[in-house]
Amino acid sequence: MNGNEFKTTRRNALKIISSAIVALTALLTANFIAFFRKRKRLVAVPLPAADQPFLIKRDFFVRQREGRLQVFSRTCPHLGCKVQFVKERNLFICPCHGSQFTLDGQFVKGPAGRDLFKVDFEQTQDQLIVKV
């Protein structure tokens with residue numbers, strides 16, 4: 001045998017087999033997660049009144065500012081707790097670790113380190129269709 005021939009050893013065969021098993025496991029896991037991942041649902045809510053700066057629902061809040069609507073998740077990006085509106089401070093505050101957010105969803109302080117997530121929505125004549 002010269003050095004140019006492919007030599008299959010037990011070690012090489014085990015490397016190939018174990019790599020194939022890892023790749024197959026990763027593929028099956030990704031498909032399993034994708035299958036059971038939470039599907040988005042549509043929620044219809046009335047448009048906030050002109051004198052109402054925001055509307056709070058269970059999973060999101062709607063912000064109306066200068067005739068423009070925005071929808072933000074109430075889930076804190078730190079550990080997933082639901083942020084609560086504190087009227088005295090005019091902020092949304094996470095009850096778990098104290099992260100604070102403005103009415104525009106912007107991060108102020110705390111361990112979250114980033115803004116609240118924006119939520120997709122469609123506006124009809126008299127309501128919003130929010131994708132949560």
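Buried denotes a relative accessible area under 20%, exposed over 50%, and partly exposed in between (1.4 Å probe, protein chains only). Glutamine 100 counts as buried, at 8% relative accessibility. The model is predicted: local features need pLDDT of at least 70, side-chain atom pairs count only at pLDDT 80 or more, and totals for chains, interfaces and linings use all residues. Residues are numbered from 1 along each chain as its sequence is written, and side-chain values use heavy atoms, with hydrogens and water left out.

Glutamine 100 lies in strand 7. Helices (H or I, at least four residues) and strands (E, at least two) are DSSP runs numbered from the N terminus. Contact here means heavy atoms within 4.5 Å. Not counting residues up to four places away in sequence, glutamine 100 touches Arg89, Leu91, Phe92, Ile93, Gln106, Phe107, Val108 and Lys109.

Asparagine 90 sits in the loop between strand 5 (84-86) and strand 6 (91-93). Its phi is near 55°, a positive value in a residue other than glycine. Most residues other than glycine have a negative phi. Asparagine 90 is partly exposed, with a relative accessible area of 42%.

Nonpolar cores were examined next. Such a core is a set of buried Ala, Val, Leu, Ile, Met, Phe, Trp, Tyr and Cys residues joined through side-chain atoms within 4.5 Å. The largest has 12 residues: Phe54, Phe61, Phe72, Cys76, Cys81, Val83, Phe92, Cys94, Phe101, Leu103, Ala112 and Leu116. A second, separate core of 11 residues includes Val43, Leu55, Val62 and Leu69. Leaving aside neighbours within four places in sequence, phenylalanine 61 contacts Leu55, Ile56, Gln70, Val71, Phe72, Ser73, Arg74, Phe92, Leu103, Gly105 and Leu116.

Salt bridges were then searched for. Each is a side-chain nitrogen of Lys or Arg within 4 Å of a carboxyl oxygen of Asp or Glu. The whole structure holds four. Arginine 63 pairs with aspartate 104 (3.0 Å, N to O). Arginine 63 lies in strand 3 and aspartate 104 in the loop between strand 7 (100-101) and strand 8 (107-109), so the pair ties together parts that are 41 residues apart in sequence. Arginine 63 is buried at 10% relative accessibility. Aspartate 104 is also buried, at 18%.

Arginine 58 and aspartate 59 form another salt bridge (3.1 Å, N to O). Arginine 58 is exposed, at 59% relative accessibility, whereas aspartate 59 is buried, at 15%. A network of salt bridges links Arg58, Asp59 and Lys82. Glutamate 122 bridges to lysine 131, with the closest N and O atoms 3.4 Å apart. Glutamate 122 is partly exposed at 46%, as is lysine 131 at 29%.

Strand 4 supplies the largest share, three residues.
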